[in-house]
Amino acid sequence: MAKTKYTYDEETVVEQLHHQDTARSAFAKVVEHYTQPLYWQIRRMVIDHDDANDVLQNTFIKAWTSIDNFRGDAKLSTWLYKIAINESITFINKKKVQNNIALTDDNSFLVNNLEADEYFNGDEAQIKLQKAIAILPEKQRMVFNMRYYDEMKYEDMSEILGTSVGALKASYHHAIKKIESFFSEND
Amino acid sequence: MSQIDAMKQEESPILKKLGKEPGFNVPEHYFADFSKNLMDSLPEVEITEEVKPSRWVRLRPYVYMAAMFAGIWCTMKVFTGFGGDQKKAVKIEMTADSPNSGAKAIMQDDKRINDNAMLNYQDSINAGIQKTNINR
């Protein structure tokens, strides 16, 4: 089956999203364009593929049902990332409640079965890195994932997370120090 | 600090050794299938289309404001119009070159007001006399 190729121009797409007759096709372009970056962002948060799939679906459904609230004041990507991060945090908290884990505890439970995950093909060192990331506080974990894997600019992160650039740099620095000490303790 | 310096500072020997591949993968055709399945499952939503305001709606506040200032100006003109001649007279006399022209002007102005009052008083007396004569 031939795949439909979309040309993506954010300004045009945002304009089309605000008209009843073009909104759906414009949103299809948004889904096509943002599925992968959002998926990887969510996947690094929730670790499991099936969970990431659920959260990604919820993210897009939430974006679609509240598209009327998006007036183009912020970038579409910022708005979608915000929804994705909120959905991921909500999902993790729900999972913690289901597993009788205190909400204040770290997220190490997410990586307990990483070795057995069908959709993980990393080596020992990568498993160790995921374990080190999982014990970071929520904010540091998000900042580390965005900066280290996505190489996202601090200014963009600042818009998504609502934190100053200085605080984000400090968070990233602390995250790296904690990961390094995790590696040295577990050598 | 330059961007390169900042990047260097962020580098960690352990992370450098690990690389940036987290080791996650996805089922085959996952992303293509995801988009299709998602679009099929999206509910209908109603979009409130933004109505662009007409030129009159945009200009209305300014027109109202202009009308308000015009109204205030007219009201002031009506009130100042009552004593316009007297003030004019006073102003002319004040421009005279005598050193006490200001005081003189005020005195003359007071005198004129007193004369007017006297005339009014005289008129009312005359009217009273006439009224008395009619009654008789």
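Predicted model: local features only at pLDDT ≥ 70, side-chain atom pairs only at ≥ 80, totals over all residues.
Let me begin at one residue: Thr35(A) touches Phe31(B), Phe34(B) and Ser35(B), leaving aside residues up to four places away in sequence, where being in contact is defined as two C-beta atoms, placed from the backbone, lying within 7 Å. Residues are numbered from 1 along each chain as its sequence is written, and chains are lettered from A and ligands numbered from 1 in the order in which they are written.

Thr35(A) and Gln57(A) stand 22 residues apart in sequence, and their C-alpha atoms are 9.5 Å apart in space.

Now to the contact between the chains as a whole, which takes 35 residues from chain A and 24 residues from chain B. On the side of chain B that touches chain A, the elements giving two or more residues are helix 2 (13-18) and helix 3 (30-41) of chain B, and helix 3 of chain B gives the most, with 6 residues. That side of chain B divides into 15 nonpolar, 5 polar and 4 charged residues, where Ala, Val, Leu, Ile, Met, Phe, Trp, Tyr, Cys and Pro count as nonpolar, Asp, Glu, Lys and Arg as charged, and the others, Gly among them, as polar.

As for the chains themselves, chain B has 6 helices and 0 strands, and buried residues make up 4% of its 136 residues. Chain A has 8 helices and 0 strands, and 32% of its 187 residues count as buried. Among contacts in chain A between residues at least 6 apart in sequence, 59% join residues at least 24 apart.

Helix 2 (residues 20-46) and helix 3 (residues 49-65) of chain A pack at about 140°, with their axes 9 Å apart; axes here are lines fitted to C-alpha atoms, for helices over the stretch in contact, and angles run from 0 to 180 degrees between N-to-C directions. That makes helix 2 of chain A oblique to helix 3 of chain A, given that angles under 35 degrees count as roughly parallel, over 145 as roughly antiparallel, 65 to 115 as roughly perpendicular and the rest as oblique. The residues that meet include Phe27(A), Val31(A) and Leu38(A) in helix 2 of chain A and Val55(A), Leu56(A) and Phe60(A) in helix 3 of chain A, and by class this contact has 11 nonpolar, 2 polar and 2 charged residues.

Which angle do helix 5 (residues 124-134) and helix 8 (residues 165-185) of chain A make? Their axes cross at roughly 125° and come within 9 Å, and these two helices of chain A are therefore oblique to each other. Lys128(A), Ala132(A) and Ile133(A) of helix 5 of chain A make the contact with Ile179(A), Phe182(A) and Phe183(A) of helix 8 of chain A. Helix 6 (residues 138-149) of chain A packs with helix 8 of chain A at about 90°, the axes being 9 Å apart, so helix 6 of chain A is roughly perpendicular to helix 8 of chain A.

I will finish with helix 4 (residues 76-98) of chain A, whose buried residues include Trp79(A), Leu80(A) and Glu87(A). The buried residues of helix 4 of chain A pack against helix 2, helix 3, helix 6 and helix 7 (154-161) of chain A. Just after helix 4 of chain A, Asn100(A) takes a positive phi of about 55°.

How values were computed:
Helix = DSSP H or I, 4+ residues; strand = E, 2+ residues; numbered from the N terminus. Buried ≥ 20, exposed ≤ 12 C-beta atoms within 10 Å, placed from the backbone.
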